[in-house]
Amino acid sequence: MNIALITAGGLGNRMGQDIPKQFMCIDNKPVIIYTLQAFQYAQHIDKIAVVCLKGWEVILQAYANQYNITKLSWIFEAGDTNQQSICNGIEGLKKVGCDDADVVLVHDGVRPLVSDTIIENNIKTCKKFGYAVTGLMCKEAIMEKVGNNVHEVEIPRERLVRTQTPHTYKLGDLLNAHKMAKVKGITNTVASCVLFTKLGIDSQHLVNGSEKNGLKLTRPEDVELFKAMIHTDPESWMK
């Protein structure tokens with residue numbers, strides 16, 4: 001079984017609004033629904049689970065009912081950090097009877113423009129190699145901020161990856177990683193791919209993402225970009 005595990009536990013402080021950013025409405029539709037619809041319509045996804053901000057579970061379920069998100073099967077309570085939220089989600093999946101061999105795509109709830117191609121390639125890559133991480137190679141000149149100055153980064157940009165989500169693993173591997181993290185005292189990693197790296201796993205295969213999927217709704221200007229993207233049609237002459 002292929003399961004999308006959507007993280008929607010953040011408060012969204014950087015967005016500066018009165019409600020969490022995943023529940024903001026853009027063009028009369030909640031952000032979380034845009035994300036859920038991407039997985040609802042993805043033919044290779046069997047079920048969806050959401051790790052939800054405490055107190056918003058009923059609202060999430062109501063939105064899912066309204067927009068016919070029939071694949072939404074489980075809602076789990078989020079933790080205080082992204083790492084804890086993912087841990088709550090995968091432990092919840094295990095408790096409801098999911099198999100260690102099930103493929104789990106961990107995806108940001110406020111990254112709504114993930115494509116079916118990215119989803120499918122994550123599943124294929126995970127099944128073939130065991131791990132899959134979505135990302136794009138850097139095309140910018142990357143610098144390091146030191147005080148108020150910028151310094152050169154010695155790693156060539158041809159080796160630098162801007163990670164996105166999904167990050168995709170077998171459920172059993174995710175569970176083992178989080179168990180090892182507790183033993184080693186690893187806390188508050190910003191993403192699953194970082195946690196696996198800290199545990200010494202260097203065989204996470206790259207899945208090509210997209211600039212659209214790179215848009216994570218974090219600040220007010222991201223809303224403007226999102227609206228522009230969903231209302232723009234491709235140029236007919238472009239190959």
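## A buried aspartate and its partner

Asp108 counts as buried because its relative accessibility is 12%, where buried stands for under 20% relative accessible area, exposed for over 50% and partly exposed for what lies in between, with a 1.4 Å probe and protein chains only. The model is predicted, so local features are given only at pLDDT of at least 70 and side-chain atom pairs only at pLDDT 80 or more, whereas totals for chains, interfaces and linings use all residues. Residues are numbered from 1 along each chain as its sequence is written, and side-chain values rest on heavy atoms, with hydrogens and water left out.

Asp108 takes part in a salt bridge with Lys216, and the closest N and O atoms of the two are 4.0 Å apart; the term requires a side-chain nitrogen of Lys or Arg within 4 Å of a carboxyl oxygen of Asp or Glu. Because Asp108 belongs to strand β6 (residues 103–108) and Lys216 to the loop between β11 and α7 (220–230), the pair ties together parts that are 108 residues apart in sequence. Strands and helices are DSSP runs numbered from the N terminus, a helix being H or I with at least four residues and a strand being E with at least two. Lys216, at 33% relative accessibility, counts as partly exposed.

## A network of salt bridges

The structure holds 9 salt bridges. Side chains of opposite charge can pair when their charged atoms come close. Another of these pairs is formed by Glu211 and Lys139, with 3.5 Å from N to O. Glu211 lies in the loop between β11 and α7 and Lys139 in the loop between β7 and β8 (143–146), so this pair ties together parts that are 72 residues apart in sequence. Glu211 counts as partly exposed at 39% relative accessibility, whereas Lys139 is exposed, with a relative accessible area of 56%.

Glu140 and Arg162 also form a salt bridge, their closest N and O atoms being 3.8 Å apart. This pair links distant parts of the chain, with Glu140 in the loop between β7 and β8 and Arg162 in strand β10 (residues 161–170), 22 residues apart. Glu140 is partly exposed at 34% relative accessibility, and Arg162 is partly exposed with a relative accessible area of 26%. Through salt bridges that share partners, Lys139, Glu140, Arg162 and Glu211 are joined into one network.

## The open sheet

An open sheet is formed by 7 strands in the order β5-β4-β1-β6-β10-β7-β11, with mixed pairing; two strands are taken to pair if DSSP finds at least two bridges between them. At the edges stand β5 (72–77) and β11 (205–208), each with a single partner strand, so one side of each is left without a neighbour in the sheet. Direction ignored, neighbouring strands of this sheet are turned by 30 degrees against each other on average. Helix α2 (residues 57–66) packs on the sheet, where it touches β4 and β5, and its direction makes about 165 degrees with that of β5. Contact here means heavy atoms within 4.5 Å, and the angles, which run from 0 to 180 degrees, are taken between N-to-C directions of lines fitted to C-alpha atoms, for helices over the stretch in contact.

## Strand β1 and its neighbours

Strand β1 (residues 2–8) runs parallel to β4 (residues 47–52), to which 6 bridges join it, and 6 bridges also join β1 to β6, again in parallel. Towards β4, the bridge partner of Ile3 is Lys47 and Thr7 stands opposite Val51, while in β6 the residue opposite Ile6 is His107.

How many residues of β1 are buried? The strand is mostly covered, with 7 of its 7 residues buried. Asn2, Ala4, Ile6 and Ala8 point one way from β1, and Ile3, Leu5 and Thr7 point the other way.

## A surface patch and a buried glutamine

Met137, Val161 and Leu206 make a nonpolar surface patch of about 220 Å². Met137 is part of strand β7 (residues 131–137) and counts as partly exposed at 37% relative accessibility.

Gln37, in helix α1 (residues 31–40), counts as buried at 11% relative accessibility. Leaving aside residues up to four places away in sequence, Gln37 touches Lys29, Tyr67 and Ile69.

Definitions and conventions
Patch = residues over 30% accessible without salt bridge, like charges linked within 9 Å, V, L, I, M, F, W, Y side chains within 5 Å. Areas by Shrake-Rupley, 256 points an atom, 1.4 Å probe, with all protein chains shown as cover.
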